[in-house]
Amino acid sequence: MSIQGIIFANIYDSSLGELTNKRTMASLPYGGRYRQIDFTLSNMSNAGIRRIGIISRYNYQSLMAHIGSGDEWDLDLQEGGLEYLTPFSLSSESSYRGKIDALNSVMAYLEYGGDDDYVVLADSSVLCNIDLQKVVEAHIASGRDMTIVAKKGIANGTKLLDLAMTLDENGEIDDMAVDYVAPENYCASMGLFIMDKKTLIRNVENCMARSYYRFERDLILRLWQKGELSVNIYLFDGVALFNESTEEYYKNNLALIRKDVREGLFGPRPIYTKVRDRVPTYYGENTITENCVVADGCMLEGCLVNSVVFRDVTIKEGARVKNCLVMNDTVIGENCELECVILDKNVTVRPGSKLIGTSKNPIIIKRGEIV
């Protein structure tokens, strides 16, 4: 049994505003030292998937710099184990119309790149630590055309879901909806799908021939309703963080402070990332840290509460930082007061500055800005 992986790097870019203006969703920093794609790549690598294509439409420079040759994930760029796929480089179309369109534009990679039996399709907006080998085995055992990995407890009557479904007492799909603010009894798709490769190629070609471009709506929902696609649901019971908005991204970074979330994300199997060796973090004589996640290479002399601090951050004496995300190479000056703020990379906060946001609307300071 041979498995191929496809990762969509740009899903939900527009919903995170300033955070993804110059980077993909996949390369968005998370948890002090990781990028969001680290979780998807690690899940695939841990399952023995050695041939992975990353589809990225734009802003992929930082993503490529982070992944490099793929050595950290036991992938080899030179031998074709990892490939960056840019849709429309070989396509006559100039605009992105959906996942089906993107898959069609890299059809040569799907058809001729290897003799894989199955394809795992994954978004990079949902962070989890999942055993994909078990998911593929469950898919094969089901005998269905497709398996959707889904999660209970995400639908809440306010969150818009790309794909939601209810199940009957036998675990079979009772109802399915797309772009739906689903009530609590619905399961949410985790943007993770398994299909036989030949079935995927056939359905993508059929959809394109009829001007269908949306994967969830036009392939899954439409064909399931017509009885032309049999679907199996794999319910994931571990930690799954949906970073599909600025509020969710902010909340899910701070969630890493909780032990159960840390263990759920990093405990079952290793999550790999690009190695960047730094000296240990320095804590000054008057430094106070309470409920924080702090990476290496920092110089901390202020007070930090309920915050996530990335590498090489400097926080000067008298500064108070609460409920904040502070990304790499940021400097916070003396006697600053920050609460509910997301500081992107290389930000400088002048001494005495005061920035106060809320948990639903955190203040975002763009990369490289001086405030």
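I began with a term: a residue is called partly exposed when its relative accessible area lies between the limit for buried, under 20%, and the limit for exposed, over 50%. The model I examined is predicted.

**Entry 1: backbone angles.** I recalled that most residues other than glycine have a negative phi. I then looked up Asp179, which is not a glycine and yet has a positive phi of about 50°. I located Asp179 in strand β10, residues 173–181. Is Asp179 buried, partly exposed or exposed? Its relative accessible area is 36%, so Asp179 is partly exposed.

I turned next to Asn346, a residue other than glycine whose phi is positive, near 60°. I found Asn346 in the loop between β25 (341–343) and β26 (348–349). With a relative accessible area of 37%, Asn346 is partly exposed.

**Entry 2: a loop residue.** I placed Asp277 in the loop between α9 (259–266) and β14 (282–283). Asp277 is exposed, because its relative accessible area is 69%. I also noted that 8.3 Å separates the C-alpha atoms of Asp277 and Asp296, which stand 19 residues apart along the chain.

**Entry 3: aromatic rings.** How many aromatic pairs does the whole structure hold? My search found six. One of them joins Tyr34 and Phe39 in a tilted arrangement, with 6.0 Å from centre to centre and 45° between the planes. Both Tyr34 and Phe39 are buried. I recorded one aromatic cluster formed by Tyr30, Tyr34, Phe39 and Phe266.

**Entry 4: charges over rings.** I saw that the charged end of Arg51 sits over the ring of Tyr109, 4.3 Å from the ring centre. For Arg222, the charged end sits over the ring of Tyr212, 3.8 Å from its centre.

Technical notes. Residues numbered from 1 in each chain as written. Predicted model: local features only at pLDDT ≥ 70, side-chain atom pairs only at ≥ 80, totals over all residues. Heavy atoms only, no water. Helix = DSSP H or I, 4+ residues; strand = E, 2+ residues; numbered from the N terminus. Buried < 20%, exposed > 50% of the residue type's maximum accessible area, 1.4 Å probe, protein only. Phe/Tyr/Trp six-rings, centres within 6.5 Å; stacked < 30°, edge-to-face > 60°. Lys NZ or Arg CZ within 6 Å of the ring centre and 35° of its normal.
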